[in-house]
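Good morning, and thank you for coming. I would ask you to keep the structure on the screen in view while I speak.

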Amino acid sequence: MHVAVLGAGYAGLGLVRQLEEQLPPDMTLTLVNDGPDHVLTHEIHRAIRRPAVEDAIRVPLAELLDRAELVTTPIDSVDTETGTVELVDGECLSYDYGAVTFGSETAYYGIDGLRDHAHPLKTLDDAAAIRADALGTIDAGGRVVVGGAGLSGIQVAGELAALAREEGAVVPEDVSIMLVEQRETVAPNFPANFQRAVREALTDRGIEIRTETTVEAVDDETVVTDGPTLPYDTLVWAGGIAGRAPTDGRRPTVRADLRLTDRTLALGDAARVVDADGEPVPASASAAIREAKTAATNLTRLVEGGDDGFDPRLDRYRFDVPGWLVSVGDGAVAQLGPTVLTGAAATAAKTSVGAGYLGSVGATRRAVELAENEILT
């Protein structure tokens, strides 16, 4: 019997490592990814200011796998009903049971000109492009606009403000950095005390915040909104996520057992997960890592089969994380239970989470490198 995991982000890598331990030894296990590395996407914003961090947050998958076969060819399409995967090189892979874990793409919502003119931040190449463009804008005393004030947009704006400072510029006197959000507050999906702390951290760094502002169109010089038209020199878009090409841009909805079809599960950013309490699960690394545990249990039970020909009883995922963390340049904001931390305590928490994750997947040397990079920052 063949089990395939399609994607090696937080959900996919966590799932395949657990399946290596849980699946019977006679089962074949394959991990399919569009490249040879696992990248800590929640740390990619760091590479805008510190390109050398790439060495710590990019980990060769071959170093992390035990028994799983690794296929590093991008997926063209997947039929989750039949368990058929078409690769871009024309090869075909079939599985008895599998999981869709290939993450998401940037959502542009059909906004005219946005895809053509804005930088996304999904890869290390994206971070390098943002850095190069932003350095020119900083040198010229121009304006950077960041669209979307979720965690990703907050982190990008914070890194750009810190980069400007390191280049000798003062924000906003020498260079303008603006964060634009459609909803009424930054970090709109989080508790009010967390939102207030994040807003304060951003404004302390000279970042202008413009909420309740909807982007309607973009050209090569301006962002047209439902309010004022905003000129820009560098534009970064962090306004949401969409499904990837193999699922036709969709993020299918799955219930708490993570089952998409009889033979396929879906988890992480690749799906919209509704948990055991009927609540939608926010797309995040922390949720994906925890969903992987439920998915590993359920795939193992499906492979082993139920009694009397019936499907086995599957576990149900319940969203429960201890808190939230967001970097804001050289600082951070942490929500741990009802308590919000800033300053050194929040920075230490952020450092420990990233390094701890790397240690948990067996990348101990890179965990040390990441911790050193955070401390030096």
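**Cavities and a helix pair**

The second largest cavity has a lining made up of Leu114, Val145, Gly147, Val215, Val218, Val223, Leu235 and Trp237. Strand 11 (143-147), strand 14 (215-218) and strand 17 (234-237) are the elements that each give two or more residues to that lining. Before I continue, please note that this is a predicted model, in which local features need pLDDT of at least 70, side-chain atom pairs count only at pLDDT 80 or more, and totals for chains, interfaces and linings use all residues. Residues are numbered from 1 along each chain as its sequence is written, and side-chain values use heavy atoms, with hydrogens and water left out.

A word on terms. A cavity is a set of points, on a 1 Å grid over the protein atoms alone, where a 1.4 Å probe fits but cannot get out, and lining residues have an atom within 4 Å of a point. Helices (H or I, at least four residues) and strands (E, at least two) are DSSP runs, numbered from the N terminus.

The second largest cavity holds about 30 Å³ of space. Its lining comprises 7 nonpolar residues, 1 polar and no charged; Ala, Val, Leu, Ile, Met, Phe, Trp, Tyr, Cys and Pro count as nonpolar, Asp, Glu, Lys and Arg as charged, and the others, Gly among them, as polar.

In the largest cavity there is about 50 Å³ of space. Among its lining residues are Arg251, Asp269, Ala288 and Glu291, and by class the lining has 7 nonpolar, 2 polar and 3 charged residues. Helix 8 (residues 285-304) provides the largest share of that lining, 3 residues.

Which helix packs with helix 8 at an angle of about 35°? The partner is helix 1 (residues 10-22), and the two axes are 8 Å apart. Residues of this contact (heavy atoms within 4.5 Å) include Gly14, Leu15 and Gln18 of helix 1 and Ala288, Ala292 and Ala295 of helix 8. The contact residues divide into 11 nonpolar, 5 polar and 1 charged.

Is Ala295 buried or exposed? Ala295 counts as buried because its relative accessibility is 0%, where buried means under 20% relative accessible area (1.4 Å probe, protein chains only). Leaving aside neighbours within four places in sequence, Ala295 is in contact with Leu15, Leu258, Leu265 and Leu267. Leu325, by contrast, is 30 residues from Ala295 in sequence and 25 Å from it in space, C-alpha to C-alpha.

Conventions. On a 1 Å grid over the protein atoms alone, a cavity is a set of points where a 1.4 Å probe fits but cannot get out, and a pocket is an open set with protein on both sides within 12 Å along at least five of seven lines; lining residues have an atom within 4 Å of a point. Grid points are joined across faces, edges and corners, and a volume is the space filled by probe spheres set on the points. Axes are lines fitted to C-alpha atoms, for helices over the stretch in contact, and angles run from 0 to 180 degrees between N-to-C directions. Buried means under 20% relative accessible area, exposed over 50%, partly exposed in between (1.4 Å probe, protein chains only).
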